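This report describes selected local features of a single protein chain. The sequence and the model are shown first, and the description follows.

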Amino acid sequence: MAGVKNGPVGMADLQDSLVELVRRASVELPEDVRSALKTAAQREAEGSPARMVLGTLLANARLAQERSLPICQDTGTPIFYVSYPLGWSTRELRGQIRAAVAEATRRGFLRPNAVDTLSGLNSGNNLGGDDFPLIHFEESDQAALVIDLLLKGGGCENVGAQYQLPNEQIGAGRDLEGVRRAVLHAVQQAQGLGCAPGVLGVVIGGDRASAYAASKRLFLRRLDDHHPNPDLAALEEQLTAQANQLQIGPMGFGGRVTVLTTKIDSLSRLPASFFVTVSYMCWACRRKRMRLEADEVSYE
């Protein structure tokens, strides 16, 4: 753990700690993700392309951490989830996060990824208006400041999908069986383009925007946890097992492991709408948490 300095307006100066948060998220694969990849490699046939791919991914992750280099050349969209105590300034926090992102980019922990859609120009520092990096704020009753960082790559972002049920094309009605059909259709369509083996974040209900936001937040869950709702927990296991029966395999080369796990949640919806939203996270499920409590910073 490390202490923090006082900021110019009485608020903690977190920029150095935030740069370290970005570095760790970019170069350190979470322990549960590494464990899931090792288990996946053991499931693949010895000498198969699938096992060789997984071995390469694990070796890459080890070297990235040892050399403090990004796990993947696409460091993705930085998405911050900030839970802050009463009285903190979100404007000040946003400014420190943006400054840290620019500094982490300068140091090579992030690739410059913020491109102006109309001009095609890259800002060079991962700052693109107020929407890049993406920052979600939530006030908390707790005394600690907690910041989760998710790095969401472009390849896996491109294969996300959203379905409005009922859907006659895939034979999906407005029930959990329809949800199952929609999710498996999304995985089949993705093939190897999402850099499998991946993690599925599935949200049932909500509107189009809220569902996509919630589906990405699911990637903050540990890969080995279970939903408290038994029906959704059972569907998570079923979808993972059946997605792996598609034989798409690591990077689309075929094999027994296409999906490491599935995370599901549900949101309230309008009577007229029944959306199933599927976000896909690549094998490099990069997330890290920073906690500031009693003027001490720790990372999880």
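A294 is exposed in this predicted model, with a relative accessible area of 71%. The residue sits in the loop between β11 (286–293) and β12 (296–299). Its phi is positive, at about 55 degrees, although A294 is not a glycine. Most residues other than glycine have a negative phi, and most peptide bonds are trans. Q191 belongs to the loop between α6 and β8 and, at 35% relative accessibility, counts as partly exposed.

The loop between α6 and β8 also contains P197, and the peptide bond that leads from A196 to P197 is cis. Another cis peptide bond joins F132 to P133; here the proline lies in the loop between α4 (90–106) and β5 (134–140). The backbone values of these sites are set out below.

| Site | Backbone feature | Value |
|---|---|---|
| A294 | positive phi | about 55 degrees |
| F132 to P133 | cis peptide bond | omega near 0 degrees |
| A196 to P197 | cis peptide bond | omega near 5 degrees |

N126 is likewise placed in the loop between α4 and β5. Is N126 buried or exposed? Its relative accessible area is 1%, and because buried means under 20%, N126 counts as buried. The side chain of N126 makes a polar contact of 2.9 Å with that of T105. Beyond its neighbours within four places in sequence, N126 is in contact with V101, T105, L110, R111, P112, N113 and A114, and also with F132 and P133, the two residues that flank the cis bond described above.

Helix α8 spans residues 230–244 and has 15 residues. From its first C-alpha to its last it reaches 21 Å, close to the 21 Å expected at 1.5 Å a residue. At the N-terminal end, N229 caps the helix: one of its side-chain oxygens lies 2.8 Å from the backbone nitrogen of D231.

Which residues of α8 are buried? They are L232, A233, L235, E236, L239, T240, A243 and N244. Viewed down the axis of α8, these buried residues fall within an arc of 160 degrees, so they line one face of the helix. An α-helix has 3.6 residues a turn, so residues three or four places apart point the same way. The face of α8 turned away from the buried side carries the exposed residues P230, D231 and E237. The cover over the buried residues of α8 includes α2 (31–43), α6 (176–190), β8 (198–205) and β9 (259–267).

The C-alpha atoms of L176 and I204 are separated by 9.1 Å, while the two residues are 28 residues apart along the chain. L176 itself is partly exposed, with a relative accessible area of 38%.

The largest pocket holds about 290 Å³ of space. Its lining consists of 15 residues, and P30, D32, R287, K288 and E300 are those that lie nearest the centre. The elements that give two or more residues to this lining are α2, β6 (145–152) and β11. Of these, α2 is also among the elements that cover the buried residues of α8.

Methods: Residues numbered from 1 in each chain as written. Predicted model: local features only at pLDDT ≥ 70, side-chain atom pairs only at ≥ 80, totals over all residues. Heavy atoms only, no water. Helix = DSSP H or I, 4+ residues; strand = E, 2+ residues; numbered from the N terminus. Expected span 1.5 Å × (residues − 1). Buried < 20%, exposed > 50% of the residue type's maximum accessible area, 1.4 Å probe, protein only. Arc of directions from axis to C-beta. Contact = heavy atoms within 4.5 Å. Polar contact = N/O pair within 3.5 Å; in protein donor to acceptor, adjacent residues only side chain to side chain. 1 Å grid on protein atoms, 1.4 Å probe; cavity = no way out; pocket = protein on both sides within 12 Å on 5 of 7 lines; lining within 4 Å. Points joined across faces, edges and corners; volume = space filled by probe spheres on them.
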